[in-house]
Amino acid sequence: MSRKSLLELCAFSPATSKQTLCAPCTIRLQFPKFFHSSSSVCREGMKKTSSYRPPIPPKNFFQQGAPRSPRTGPTDSSSKPSHSSGWKDPKQQHHDHHQELYSHHEPDPHHHQRQQRNRNTKHGRGRERHSRSLRPIKPVPIGRKQVEATLLAHLGRWGETLETRNFLVTLGIYDRDRTPVLRSFRSAVRQEILNQREFDEHSEEGEAAVEITEKSTTKKITGDAGAATSIRKESDWVWDWDELQEQISSNVTQTLDRVLMSRFLNLMPVLDPTRCGALRAVQDALVLPHPAELHAVARQVRRRIIMHVGPTNSGKTYHALRALAAANYGCYAGPLRLLATEIYGRLNRGEIAPTGQDPSLKYPRMCNLVTGEDIKILDEDAPLMSATVEMVPLTRKFDVVVIDEIQMIAHPERGNAWTQALLGLNAEEIHLCGEESAVDLVRELVRATGDELVVNTYQRLTPLEMAPRPLGANFSDLRPGDCVIGFSRNAIFGIKSTIEEKTGLQCAVVYGKLPPEVRVEQATKFNAGDKDNYPVLVASDAIGMGLNLKIKRVIFSTVSKFNGLTMVQLPLSEIKQIGGRAGRYGMHGPDSVGTVTTFFPKDHRVVAEALKTPVPELKVAILAADGEWLTNLHRTLPPHTGLAALFQLLQDVAVCGPPFQLSEYSKLLQAAQTIDVACPNLSISTRSTIAQAPVPWAIPEAPVMFKKMLEQFSAGEMVDVETIFQRSGLLMILEDVMAAREEQAQQNLTLDPSAEVKSKPKLVLSVREAGMRLEGLELLHKMACVYLWMSYRFPIAFSKRERVEEIKLATELGIQFCLEAVSEDRARQFTKRLEDAEQEDQKVQQGEAKTTAGTP
């Protein structure tokens, strides 16, 4: 099907329709899924049909001759309808007006803009002030007495919020028992706090307090002296005011809720064994055991742990990989599919020389690839394996295993995979590669397992220096081998277009949402070193791991990025890791030097300080519950308890001893809720496995498509992924881009290669069209990877792997085609930002000069 016919198929013809609508309404009718939550009209319709209640008319409304505004009083009857026509909710009037627009078939191009303006001026400020007045203002406690008072105040309303009600329901305490249980709990906690306060007051009196305790006088603290002493010790353990004061400074409500939840599990089985006796089993199940105890096979071998630590570009991974290439049976465990694929290719091509062999020769080794989305088995008996950390088989016997980026053991979401691999691998020799900040933590973990630890420290092979000054807007200083760092796709394409427009240098791009295969292709173009083809790289923090790049200089366009809630400054380790990619050893001359700089002066100071500052030591290793542990916890709770409730319970009250810290489950709650709704008949263990699927939950359309896959899977049907992609419109986008790609190739063939002045072919897709289609293709590629991930775990229901791989490959070609067209519309924003920064810097320098001149 040609691109023209596709566009005609998508078009909405007013001549053939019964209605003639404005442009926004026309688009809304064609693509309702993309406007399910953004339209104010849709919101009004939803409110009207659901639990929406119109505002109550003002008092004395029907006794007046004209409507009264709650704020302005009586209004002029000439400008307002009289009460005889009946009072109408303004929101209902807006809805009726929109219905009239449909019924009269008269397009009004300014309707939506006018309504938006009215909402901003009429309702916006009122809503803002109303929400601000309802927002609870909780002062941050600064001392022990303030913390105690805040805890007592919070205790009075604890159990009435939605979070704590859900907590009680998860434990099997329903409405009929909630009131007496909460009454007993509040009374007991108040008494505990008062006992501790009274004991502390007597303790401050010195010897007099000791005499009171020893002689057990009639002025009893809680009974006899022994009881007082025991209560003192227990109170110290429960109510550690100093520790609570530190925790409470960040989030008062959440901290107090979790403290009281933990105390509830401890107290209530004793206070009310009839209603809460079963909570003892829940409390025991919420204590995570030491992970070393879970791997009995690994404990039967005294392993040799060899750490290779040092900065980026120090050769630490190179030495570990040479040991792997020499092993009879070994495995590489990397943080990214991209990195695992790279090692898989290098081992099969013989590019990694075994220890003791000549590095200039080739030594091919048979190696299989095992990642979440891609499995390539060249031989079932292959001696080597390259995998992501999560996919490493812990029960298989290895001679040598290489675990890369060991500092990821402290990552709040993925760190559990490194913890389990370090403590659970059944290998004679384990090589750990990463930052020096992980040495003390690994030493503490290895001490518990009884393994041998060897630490090899490396220095950077090529010097790394900070440029003396930022670049500013002087793009003429850009040269081949430069890598400019941005942290959003819009910023990356804006920088790319600006560089190409002002310098004539073509840019390769690498960012997180790009498929790994496209990233490798872009990196290959940049590494070719051809001055006429892609000599400059524009990339995100995705270059920090997984790509060998021929970068001479790293240029930060900014040192802050969006974390999902707000703009935050880059962590110290991330700045050092990205900056350290400059001056890769062996890819430049023998005297090469890596250089780091920025565009803006304020960013230059931040990066310079970060490069000089050592990375702080890691304090915790992340631990998470596996499927078996979740199943045991689920057995202690009501049968209807879902995966989301289990994750929330773990987040609130699960306990693990130092140096471990519980994994961050809050970001898995949306996944768990979707799975509970779509697959209520699956076991908790299976649901927890599905929750690890690489679904892009931040994209609104992705959870909808994933839920449709799960509903078919739960019903015992074959998952018809092609129909799901077709109904979402993603396959139509792919077909449109591939048709445009073919048309562009035909236009390129018509150009005369012998012409003296080579003209650029006219783009079939405009910059705007390519940008819109690029987002759809990225989503299609991610969902194809999700299907492949599920197909390796549930191959019967997800059986169309070959067809999805074809779609995935076509999507990668389409993304590559769109990347070549998207650039120009982002350039102006970046250029303006550079100019504003220069002006601001000049003002600062002028102010400093005046201050210096005025100083005697």
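A residue counts as buried when its relative accessible area is under 20%, as exposed when it is over 50%, and as partly exposed in between (1.4 Å probe, protein chains only). Strands (E, at least two residues) and helices (H or I, at least four) are DSSP runs numbered from the N terminus.

This model is predicted: local features need pLDDT of at least 70, side-chain atom pairs count only at pLDDT 80 or more, and totals for chains, interfaces and linings use all residues. Numbering starts from 1 along each chain as its sequence is written, and side-chain values use heavy atoms, with hydrogens and water left out.

**The sheet around β8**

Let's start with strand β8, residues 397–403. Five of its seven residues are buried, so β8 is largely enclosed by the rest of the structure. The strand belongs to an open sheet of eight strands, ordered β6-β5-β7-β4-β8-β9-β3-β10, with mixed pairing. At the edges are β6 (375–376) and β10 (452–457), each pairing on one side only. Two strands are said to pair if DSSP finds at least two bridges between them. In general, strands of a sheet pair through backbone hydrogen bonds, either parallel or antiparallel.

On one side, β8 runs parallel to β4 (residues 330–334), joined by four bridges. On the other, six bridges join β8 to β9 (residues 426–434), again in parallel. Here are the residues that face each other:

| Residue in β8 | Opposite residue |
|---|---|
| Val 400 | Gly 330 |

From β8 the chain crosses through helix α18 (residues 415–424) to β9, in a right-handed β-α-β crossover. Right-handed means that, with the strands pointing away from the viewer, the path from the first strand over the helix to the second runs clockwise.

Beyond residues up to four places away in sequence, Thr 388 touches Gly 334, Leu 336, Arg 337, Ala 340, Val 370, Thr 371 and Gly 372; contact means heavy atoms within 4.5 Å.

**The nonpolar cores**

A nonpolar core is a set of buried Ala, Val, Leu, Ile, Met, Phe, Trp, Tyr and Cys residues joined through side-chain atoms within 4.5 Å. The largest one has 159 residues, and Phe 264, Leu 650 and Phe 706 have the most contacts inside it. Helix α31 (residues 767–791) supplies the largest share of this core, 12 residues. Phe 706 has contacts, beyond four places in sequence, that include Trp 697, Met 783, Val 786 and Met 790. A second, separate core of 26 residues includes Phe 526, Ile 543, Val 559 and Ala 582.
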